[in-house]
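Colleague: I am new to this structure and would like to learn how to read its helix packing and its sheet. Please take me through them.

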Amino acid sequence: MTKKTHFTRKNYIAFAMVFFYACVNMFVAACIDTTSAFGKQNFLLKFATQILMFPKINAQFNAYILVTLFNFFVVIFAAAYIFERRTAIFYNENPSSKKYITTYILTLLGCLVLWLGISIPCQYPDFANNLSNSFLFFLEMLLVGLIIYLALAVFIFCICALYVNFKNIDKPFRFNADIDNETEEDVSDPNQEERSSLEDVLGDGSQLGNNSNTGVNGASSGGLVSSGEEIIGDANYIFPGLTTIDKEELADIKLPYAEIENLSLSELANNFRNYLAQKEHLYYDINTIRAFLAGLGASRLIILEGLSGTGKSSLARYFSEYISEDSFFEAIQATYRDRTSLLGYYNDFSKKYNETEFLKRLYKMTYRPEDVNIMVLDEMNIARIEYYFADFLSIMEYPMDKWNLKVMELPYDFKPPVHLENGFIKIPNNTWFIGTANKDDSTYTITDKVYDRAITISFDNKNEPFEVEGDYQPIQLSYRQLNELFDLAKQKEEYRMSKDDYSKFFKLTNFVYDTFEVAYGNRILNQIDNFIPVFVGLGGSKQDGLDFMFARKIISKLDGRLEDYIKQGLIDLKALIVKTYGDNSFELTMRAIDSLIRKL
């Protein structure tokens with residue numbers, strides 16, 4: 001962080017104006033004193049006595065002591081106030097805090113006590129007459145001096161404004177910024193804005209973020225400016241973690257991913273399942289693996305729910321390991337209440353942004369578009385998901401090019417980290433959020449708002465060991481190739497839902513709506529359109545894919561319904577499934593229905 005000077009140009013200007021005010025007061029005092037050399041029919045004397053109707057005063061030595069000491073302590077207080085305020089800023093403390101406001105008040109009181117403590121004893125021996133005459137002279141000087149000072153200040157300001165504007169007549173003008181864009185700190189390099197090479201970016205953190213997309217003009221290595229135009233730090237100080245990522249990622253030369261030839265989705269599912277069994281002794285049903293991978297192709301939010309110890313977290317962790325990536329784990333706390341729990345917040349006291357590991361991971365992945373970024377929200381329902389994750393739930397409804405989250409309102413002329421454009425962080429397109437959710441009394445119920453946006457996989461069954469047959473070696477899979485595999489499956493007409501498929505499926509959904517008044521929206525239909533082709537490409541069948549979606553998206557909404565007609569309606573639904581799809585079909589749905597009937 002650039003070291004700040006105790007006094008800046010603005011401070012010197014402010015001090016000079018106060019000193020000028022004191023000088024004007026002394027000159028006015030000499031002019032309105034009828035016994036002084038200036039007190040013979042001058043303009044200020046006429047102005048005071050004829051226009052303002054002040055009496056003529058013969059000021060004594062006592063009155064001059066009162067006036068002189070007042071002006072002296074005005075200058076002393078101004079210097080002390082500026083120094084105290086700059087000291088607060090120098091040590092990155094809030095100059096408007098109670099601590100410093102108390103300091104300012106004590107300084108003011110100290111100056112008043114010293115002024116009166118010295119001036120009043122000087123009014124002896126004729127104390128009463130001298131005191132009244134001195135204070136009358138003081139008040140007259142104070143009023144006339146203020147009027148003259150304001151008039152001179154306006155005159156000088158107009159002259160300076162004319163000079164500056166004539167000097168820069170051919171340069172653009174902005175009302176709220178100086179032409180030279182000067183900050184309160186010393187500017188050591190006037191050409192700093194023009195540097196854009198990688199060496200400059202890596203060598204000086206204040207250069208990070210000087211790109212054409214930020215919408216923030218380049219400035220000297222000053223820093224973040226508050227509404228009171230006080231420097232509180234530069235990007236290195238405010239965002240130390242993000243600027244460190246900038247330096248590391250810009251310096252790192254990344255090799256392109258090698259294309260895996262002839263890789264199919266079915267091979268990906270089978271080999272990943274073999275990897276889990278052979279390397280980690282974790283045994284998953286093949287349809288669970290297919291549902292997980294198809295979920296990645298249908299939604300950016302996957303929820304793995306079930307009893308503790310059933311392998312929810314392991315599935316996400318080892319998928320990243322299998323494709324040669326590192327997943328990120330965020331252990332959700334019960335205290336999470338809003339977005340700041342994940343994204344952090346700006347601390348007004350320390351003048352720093354409290355960067356979370358979650359924010360830094362998101363930011364790092366903006367540099368790595370080829371990586372598959374798995375971000376696990378472990379025990380996500382230990383706090384209310386729709387509170388701390390609300391912004392993500394909403395923003396992922398938008399097109400990917402609009403996945404921008406506001407991190408912080410950046411002031412004018414602050415140069416942020418490179419990818420924190422205008423205070424927004426972009427959720428990288430290669431990101432998936434995978435939440436694990438336990439079902440017990442210590443957690444919150446996941447609402448339909450969350451379920452509807454996610455692909456939910458239940459881990460309720462015991463996994464049976466099996467013999468590994470086929471390849472199980474880890475691979476290096478890029479986001480681009482994974483996405484291409486998903487897109488290829490979605491484009492195959494034979495994998496997609498046909499009119500006949502929808503006709504049969506709508507028989508079930510229409511029955512559920514007519515019987516239980518449970519409906520679903522276009523979001524779920526879009527998920528089905530994306531989920532089924534990928535599920536089929538992974539080696540599954542349309543019927544199994546529809547079974548999964550119907551059980552997780554429709555039947556799950558009946559959990560907790562206790563009306564009398566529910567049981568008979570569920571029995572009728574089972575009969576309709578057999579009639580439509582045949583015996584031994586929709587196994588997941590049948591088990592879910594049987595579970596609901598037992599509860600009733």
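Modeller: Start with a cut-off: an angle of 65 to 115 degrees between two axes counts as roughly perpendicular. Keep in mind that this is a predicted model.

Colleague: At what angle do helix α10 and helix α11 pack?

Modeller: Two packed helices are described by the angle between their axes and the distance between the axes. Here α10 (residues 286–298) and α11 (residues 312–322) pack at about 65 degrees, and their axes are 12 Å apart. With the cut-off above, α10 and α11 are therefore roughly perpendicular to each other. The crossing of α10 past α11 is right-handed.

Colleague: Which residues make the contact?

Modeller: From α10 they are I289, F292, L293 and L296, and from α11 they are L315, A316 and F319. Seven residues of this contact are nonpolar, with no polar and no charged ones.

Colleague: Now the sheet. In what order do the five strands lie?

Modeller: The order is β2-β5-β9-β1-β10, in an open sheet with parallel pairing. β2 (328–331) and β10 (455–459) are the edge strands, each pairing on one side only. On average, neighbouring strands are turned by 20 degrees against each other, direction ignored.

Colleague: How many bridges join β1 to β9?

Modeller: Six bridges join β1 (residues 301–306) to β9 (residues 431–438), and the two strands run parallel. In this pairing, I302 stands opposite I434 of β9.

Colleague: Which strands does helix α13 lie across?

Modeller: Helix α13 (residues 357–365) lies across β2, β5 (373–378) and β9. Its direction is at about 165 degrees to β5.

Definitions and conventions: Residues numbered from 1 in each chain as written. Predicted model: local features only at pLDDT ≥ 70, side-chain atom pairs only at ≥ 80, totals over all residues. Heavy atoms only, no water. Pairing = 2+ DSSP bridges. Helix = DSSP H or I, 4+ residues; strand = E, 2+ residues; numbered from the N terminus. Axes fitted to C-alpha atoms, helices over the stretch in contact; angles between N-to-C directions. Contact = heavy atoms within 4.5 Å. Parallel < 35°, antiparallel > 145°, perpendicular 65-115°, else oblique. Left-handed = near helix turned anticlockwise from the far one by under 90°. Nonpolar A, V, L, I, M, F, W, Y, C, P; charged D, E, K, R; others polar.
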